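I'm opening my notebook on this one. Let me jot down what I looked up, entry by entry.

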Amino acid sequence: MTTTVYARVESPLGELLLVGEVVADGPDAAGVAGVRLRSLSMPGQKGGAVVQDGWRHAPEAFAEVARQLEAYFAGRSTRIDVPLAEGAGTGTEFQRRVWAALESIPYGSTVSYGEIAARVGASGAGVRAVGTAIGRNPLLVVRPCHRVIGADGALRGYAGGLERKKLLLGIEGGAG
């Protein structure tokens, strides 16, 4: 049985909402106990998570996630590496391919939507579908969709807003 837990964490992007799952009967199949991150949302985010009845407020469960986020925002870490809930990958097969491509973009780098489309075999008209899949990413910051920009180098589309995208790229020393 799993329990859905949440916490709010302050960040340079505003108050982040972390949602995760805790395996109530001990370690999961991989032998790991603790929270599995399912969602990281920002205030006003298009499609962001909203606390639901029955979820338990458990900031202590997210101590490691909060520590890694703080190090990332302070420029002391280039990666957020936390266990993800199975639900964090829920999406169509195409969305999962796009999200995997996002995870391969190095810290401080940017790629175009067209490059992601080519990586997942959806060039041409598939660029729009890639943009839609990126917009449905439930793990902002952790799964670095902010590193995807327009072919002309312009900042385009970010569920958390373009100002936050610019801030994230600035933290990483990338375009922004």
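Is alanine 71 buried or exposed? I looked it up: alanine 71 counts as buried because its relative accessibility is 9%. My cut-offs are under 20% relative accessible area for buried, over 50% for exposed and partly exposed in between, with a 1.4 Å probe and protein chains only.

Before going on, I note that this is a predicted model, where local features need pLDDT of at least 70, side-chain atom pairs count only at pLDDT 80 or more, and totals for chains, interfaces and linings use all residues. Residues are numbered from 1 along each chain as its sequence is written, and side-chain values use heavy atoms, with hydrogens and water left out.

Next I checked where alanine 71 sits: in helix 1, residues 63-73. Helices (H or I, at least four residues) and strands (E, at least two) are DSSP runs numbered from the N terminus. Setting aside neighbours within four places in sequence, I found alanine 71 in contact with Arg76 and Ser77; contact means heavy atoms within 4.5 Å.

Arginine 76 also turned up in a salt bridge with glutamate 70, with the closest N and O atoms 2.5 Å apart. That term needs a side-chain nitrogen of Lys or Arg within 4 Å of a carboxyl oxygen of Asp or Glu. Arginine 76 is exposed at 56%, while glutamate 70 is partly exposed at 42%.

Then I looked at glutamate 21, which pairs with arginine 38 in a salt bridge at 3.0 Å, N to O. This pair links distant parts of the chain, strand 2 (residues 16-23) and strand 3 (residues 35-41), 17 residues apart. Glutamate 21 is buried, at 17%.

My last entry: the structure holds 10 salt bridges.
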